[in-house]
Amino acid sequence: MLITLMLALGGVTAYLLGSVNGAIIVSRMLFGQDVRSSGSGNAGLTNFFRTYGVTGIIGVIAIDVLKGVLAALIGGWLLSAAAPEGWAEEFTATGRCVATFCCILGHSFPVFYGFKGGKGILTGVSCAAVIDINAALIALFIFGVIVAATRYVSLGSIVSTASVPVTMLANGFSGRCLIIASAAVIMIILRHHANIKRLLAHNESKIAFRRDISHKLDNDSF
């Protein structure tokens with residue numbers, strides 16, 4: 001009973017934290033607008049960047065990274081408090097994975113903003129850094145390599161996200177954690193369905209390496 005309660009509490013807390021959307025908050029505070037009313041309509045870093053430039057972008061990043069880290073830490077701490085003797089490490093990892101899924105769910109479908117949010121890349125990698133720092137670093141490296149080689153930010157986002165459970169498997173995480181992490185990855189990839197269609201049709205936009213960095217990213221990868 002206590003395990004179920006802590007798991008549910010961690011999941012709900014993570015979802016609510018995920019629903020605190022940095023792009024929406026900053027766009028309303030600084031510009032009196034909702035970022036979702038511009039560009040792609042996505043409440044994420046890329047659409048914010050394209051719409052408003054660098055002004056306020058640190059605030060967006062700070063909010064979305066902080067909520068991911070807090071969600072994973074709280075989820076792990078709560079479930080570990082209910083762990084039987086000798087199971088604290090496994091319960092902590094499981095709690096962090098469940099919280100990660102719920103935080104990304106909140107970011108994608110925020111209860112505070114009509115269930116219309118972002119795609120969860122920045123928040124997801126922040127959660128992953130708490131679960132397994134190696135998985136997060138490898139994902140960031142893969143993202144950088146793919147974007148540099150192909151200039152497709154969406155492709156880099158998708159492939160780097162998919163690498164996280166693979167790294168976790170190599171690092172000895174339990175099957176339970178791998179299933180939950182894979183579910184979170186699938187959710188993020190499904191959120192990129194429009195990008196995938198454009199990639200397959202060879203009409204996805206690429207990075208343009210020029211001074212106007214608001215044109216460097218795909219339409220709505222984040």
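Author: A residue counts as buried when its relative accessible area is under 20%. The model discussed here is predicted.

Reader: Which residues of α8 are buried?

Author: Helix α8 covers residues 153-170. With the cut-off of under 20% relative accessible area, the buried residues in this helix are V153, S154, G156, S157, I158, S160, T161, S163, V164, P165, T167 and M168.

Reader: Against which helices do the buried residues of α8 pack?

Author: Contact here requires heavy atoms within 4.5 Å. By that criterion, the partners of the buried α8 residues are α5, α6, α7, α9 and α10.

Reader: Which helix gives the most to the lining of the largest pocket?

Author: The largest pocket, of about 310 Å³, has 23 lining residues, with T161 and V164 among those that lie nearest its centre. At least two lining residues come from each of α5, α6, α7, α8 and α9. The biggest contribution, 7 residues, is that of α6.

Reader: How many charged residues are in the lining of the second largest pocket?

Author: The second largest pocket has a volume of about 200 Å³. Its lining includes E89, E90 and R96, and Asp, Glu, Lys and Arg count as charged. Besides 4 nonpolar and 4 polar residues, the number of charged ones is 3.

Key
Residues are numbered from 1 along each chain as its sequence is written. This is a predicted model: local features need pLDDT of at least 70, side-chain atom pairs count only at pLDDT 80 or more; totals for chains, interfaces and linings use all residues. Side-chain values use heavy atoms; hydrogens and water are left out. Helices (H or I, at least four residues) and strands (E, at least two) are DSSP runs, numbered from the N terminus. The expected span of a helix is 1.5 Å times one less than its number of residues. Buried means under 20% relative accessible area, exposed over 50%, partly exposed in between (1.4 Å probe, protein chains only). On a 1 Å grid over the protein atoms alone, a cavity is a set of points where a 1.4 Å probe fits but cannot get out, and a pocket is an open set with protein on both sides within 12 Å along at least five of seven lines; lining residues have an atom within 4 Å of a point. Grid points are joined across faces, edges and corners, and a volume is the space filled by probe spheres set on the points.
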